[in-house]
Amino acid sequence: MAGQLEYKIIKPDSSIAGYVESFWKLKTPSGEPKNIIVLPDGRIDIIFSFSDTQPFRAVLLGLETEASKTLMEPQRTMFAVSLRLLAVEYLLEDSVSSLLNDGRLLPEGFWDIAKEDLSDFDSFCNKITRKIQSLIKTPPDNRKLRLFDQIYASNGRLTVKELSETAGWSSRQINRYFSQQFGLPLKTYCSILRFRASFEHLKEGKLFPEQDFADQAHFIRDVKKFSGVPPKELSQNKNDRFIQFSTMNKK
């Protein structure tokens, strides 16, 4: 399936990189619909899309803690911005705690994007970049900057205690912040990022942990938790039914 998709990813301008992980587009081929399983990757996605059978719409997707079955419609166009967690508070000025493993439709005209903006990906990225730049009003709390810098730099390998000490922010306060803003504790989020990094290794046929899991049993348990299958089955990925959009372009 992945080989049949038209997929492109663009990294953001440095001025918004603290809030945006990437922009990506996906176009599905003509033919029959395809059932796929989308794996958690620790991102908040805003997806603008339309197809031959579905009207243009914008959707905000919260964090996912489990694999989700999705029907890929033929001739579907998707342009998306994948947000880092700081964007929830400082760009969206909202919480996505109620959107854990869920999403919601965004109002018409959200971020001034219309169907015609999905005809040129580079122009779309430039327009969204300008919009996000206009939304940045106050710099984030230094504790949050340090916290998220370490979370992303380590791919979730650091413990909550280590992250707390680096950020100068108590573990209790961090977990309250994560639960209120994102709907899960920090430890779970770190596990998702570690699984995301592990999926890249599994695609290369590496069936042993490389992300500081306690042992092989812990690694197998986390892979099954987030994908629903053991590492060997996920690495084989028959018919390309498992997809993690953030790692699709990495071979």
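Reply: Ile44 stands opposite Leu83 in β7. Both belong to a run of seven bridges that joins strand β4 (residues 44-50) to strand β7 (residues 77-83), and the two strands run antiparallel. Helices (H or I, at least four residues) and strands (E, at least two) are DSSP runs, numbered from the N terminus, and two strands pair if DSSP finds at least two bridges between them. Keep in mind that this is a predicted model, where local features need pLDDT of at least 70 and side-chain atom pairs count only at pLDDT 80 or more, while totals for chains, interfaces and linings use all residues. Residues are numbered from 1 along each chain as its sequence is written, and side-chain values use heavy atoms, with hydrogens and water left out.

Now the other side of β4. There, β4 pairs with strand β5 (residues 57-61) in the antiparallel sense, over five bridges. Ser49 has Arg57 as its bridge partner in β5. Six residues sit between β4 and β5, and the two strands form a hairpin.

So how enclosed is β4? Seven of its seven residues are buried, so β4 is largely enclosed by the rest of the structure. (Buried means under 20% relative accessible area, exposed over 50%, partly exposed in between, with a 1.4 Å probe and protein chains only.) In a regular strand the side chains alternate between the two faces of the sheet. In β4, Ile44, Ile46, Phe48 and Phe50 are buried on one side, and Asp45, Ile47 and Ser49 are buried on the other, so both faces are covered.

β4 is one of six strands in an open sheet with the order β1-β2-β7-β4-β5-β8, and the pairing is antiparallel. At the edges are β1 (6-10) and β8 (103-105), each of which pairs on one side only. Neighbouring strands of this sheet are turned by 20 degrees against each other on average, direction ignored. (Axes are lines fitted to C-alpha atoms, for helices over the stretch in contact, and angles run from 0 to 180 degrees between N-to-C directions.)

At 8% relative accessibility, Glu21 counts as buried. Its side chain makes a polar contact with the side chain of Arg43, at 3.1 Å. (A polar contact is a pair of N or O atoms within 3.5 Å; within protein, one must be able to donate a hydrogen and the other to accept it, and residues adjacent in sequence count only if both atoms are side-chain atoms.)

Three strands form an open sheet in the order β6-β3-β9, with mixed pairing. Its edge strands are β6 (68-72) and β9 (242-243), and each pairs on one side only. Strand β3 (residues 34-38) runs antiparallel to β6, joined by five bridges. Asn35 has Leu71 as its bridge partner in β6.

In α5, Ile174, Tyr177, Phe178, Gln181 and Phe182 are buried. Seen down the axis of α5, these buried residues fall within an arc of 95 degrees, so they line one face of the helix. (The arc is that of the directions from the helix axis to the C-beta atoms.) On the other side of α5, Arg172 and Gln180 are exposed. The cover over the buried residues of α5 includes α1 (86-90), α3 (142-153), α4 (160-167) and α6 (186-203).

Finally, two loop residues. Asn101 lies in the loop between α1 and β8, and it has a positive phi of about 55 degrees although it is not a glycine. Asp112 has its place in the loop between β8 and α2, with a positive phi of about 65 degrees although it is not a glycine.

How values were computed. Contact = heavy atoms within 4.5 Å.
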